[in-house]
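Here's a quick tour for anyone opening this one up for the first time.

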Amino acid sequence: MRTFKKDFLWGGAVAANQFEGAWDADGKGASVSDMCTNGTHTVPKRITTVIEPDTLYPSHEAIDFYHHYKEDIALFAEMGFKTFRLSIAWTRIFPTGMETEPNEAGLKFYDSVFDECKKHGIEPLVTISHYEMPYALIEKYNGWYGRECIELFVRYCEVIFERYQGKVKYWLTFNEINSGTMPMGNILSLGTVKGYSGSIMDVPDDPKIRFQALHHQFVASAKAVKLAHEKYPEYKMGNMICFITKYPYTCNPDDVIMTQKEMQITNWFCSDIQVRGYYPAYAERYFEENGIVIKKEPGDDEILREGTVDYYTFSYYMSTCTGNTSDGAQTAGNLVGGLKNPYLEASDWGWQIDPKGLRYTLNEIYDRYQIPLMVVENGLGAYDKIEEDGSINDDYRIDYLRKHIEQMREAAADGVDLMGYTPWGCIDLVSASTGEMAKRYGFIYVEKYDDGTGNLARRRKKSFEWYKQVIASNGTQL
Ligand code: BGP
């Protein structure tokens, strides 16, 4: 029976805006995340148009990887990481996104990070844009709604592709590009929040603007892939989807159809374009019913066809149910919630834990596209406690990860071509949805707290040793 491949890419994942800190060091500009305040599980973060005094912006210091990268990468190496998924902050390279010359200090920082990875035999997996668009592009163009962003993004790609040859092989264009199919995408990925200041939950939403902005991202992504394929044949280009698995709440055919429709737009729409190279047939009806008319320029369709990705990656945390019922209980989730599944338990943040859903999802994706897959985010956000002896016994996290890895192994046995696994937040970092530090995912604890205090010291959790053994045994000792 098949299992994990010999060269399976075990590792961990992070994003610049959630862990680097040093938000304005060495010429870096402000990204959309740098304009977001902290929040909690129940009080949403705010975005502000200027940096307000006496307000906590968690990305500004985060866990200060910028000054701790050697120590952190050494800890990843100690666990035996084969790969490390990180993102480049666009604003370190082009502070406003609009300069013609890149910022050398920013380029140098990533040189050092990639060199450090190489020293430890760790292959970087680089997300080009992970929820950190330059804020100046929001002010000028209303984010990705402005077609100008395509060329600015391509310029950024040209610079980093050229610079990091021999250091990076695996690239992902946009993190969770399908967040743009949901209102939350306005703020996270599309930057269609020009002039808006207030709760991230109340951002004005116009699907016409959102899907137009998304079209610009598709073209930008395809252009980046095309550029890499033509000029740097050693580069492997992937997409990245936030997969929110949905089950019909009942076997009533109405629930089944409703679930299928939601799955199409939320989960399949973006990757159908990025993997197959054209807009799917079902989009036409959705656009008609929602008054969406995509403005394309001549050549766009051709670019989409020519810029299809080499592999498919996704995040998977939870699943929800969909149905017409009004009496089903609601559950929270990543980017969106849904109906509660009575067969599942949930995390402290209300995300339903569903390891078998990962096997199901892997099979569904592979059947559809038949290109290699990688799970580039998965994990349990939980409260951790330092015991008196200094240990952190995160058995709940080990349990979550073990069950998900078991199901990945099942999927591999089902025939899915799985390249690797990078659990989210391998070192504690700032939560994307709430801005909290208390929602921890790491194998490594960081002494940094919700009020911005903490000495930033790193400690190994119990899961650190456990994951080390998982990697050493290529997933057989769980
Ligand atoms: C994904 C994002 C990550 C990350 C993760 C966990 O949607 O790509 O950036 O943060 O979710 O979510 P959270 O931080 O809200 O717990």
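Helices (H or I, at least four residues) and strands (E, at least two) are DSSP runs, numbered from the N terminus. What you're looking at is a predicted model, where local features need pLDDT of at least 70, side-chain atom pairs count only at pLDDT 80 or more, and totals for chains, interfaces and linings use all residues. Residues are numbered from 1 along each chain as its sequence is written, and side-chain values use heavy atoms, with hydrogens and water left out.

- Ala22 sits in the loop between α1 (16-19) and β2 (46-47), and its phi is positive, about 45 degrees, although it is not a glycine.
- Ala22 is buried, with a relative accessible area of 11% (buried means under 20%, with a 1.4 Å probe and protein chains only).
- Asn474 isn't a glycine either, yet it has a positive phi of about 50 degrees; look for it in the segment after α14 (462-472).

**Ring pairs**
- There are 51 aromatic pairs in the structure, counting rings of Phe, Tyr and Trp (its six-membered ring) with centres within 6.5 Å.
- Take Phe269 and Tyr279: their ring centres are 5.7 Å apart and their planes at 65 degrees, so the pair is edge-to-face (planes over 60 degrees apart).
- Phe269 lies in helix α9 (residues 253-276) and Tyr279 in the loop between α9 and α10 (281-289), so the pair ties together parts ten residues apart in sequence.
- Phe269 and Tyr279 are both buried.

**Charges over rings**
- A charge sits over a ring if NZ of Lys or CZ of Arg is within 6 Å of the ring centre and within 35 degrees of the ring normal.
- Arg368 has its charged end over the ring of Trp268, 4.3 Å from the centre.
- Arg460 puts its charged end over the ring of Phe464, 5.4 Å from the centre.

Technical notes
Buried < 20%, exposed > 50% of the residue type's maximum accessible area, 1.4 Å probe, protein only. Phe/Tyr/Trp six-rings, centres within 6.5 Å; stacked < 30°, edge-to-face > 60°.
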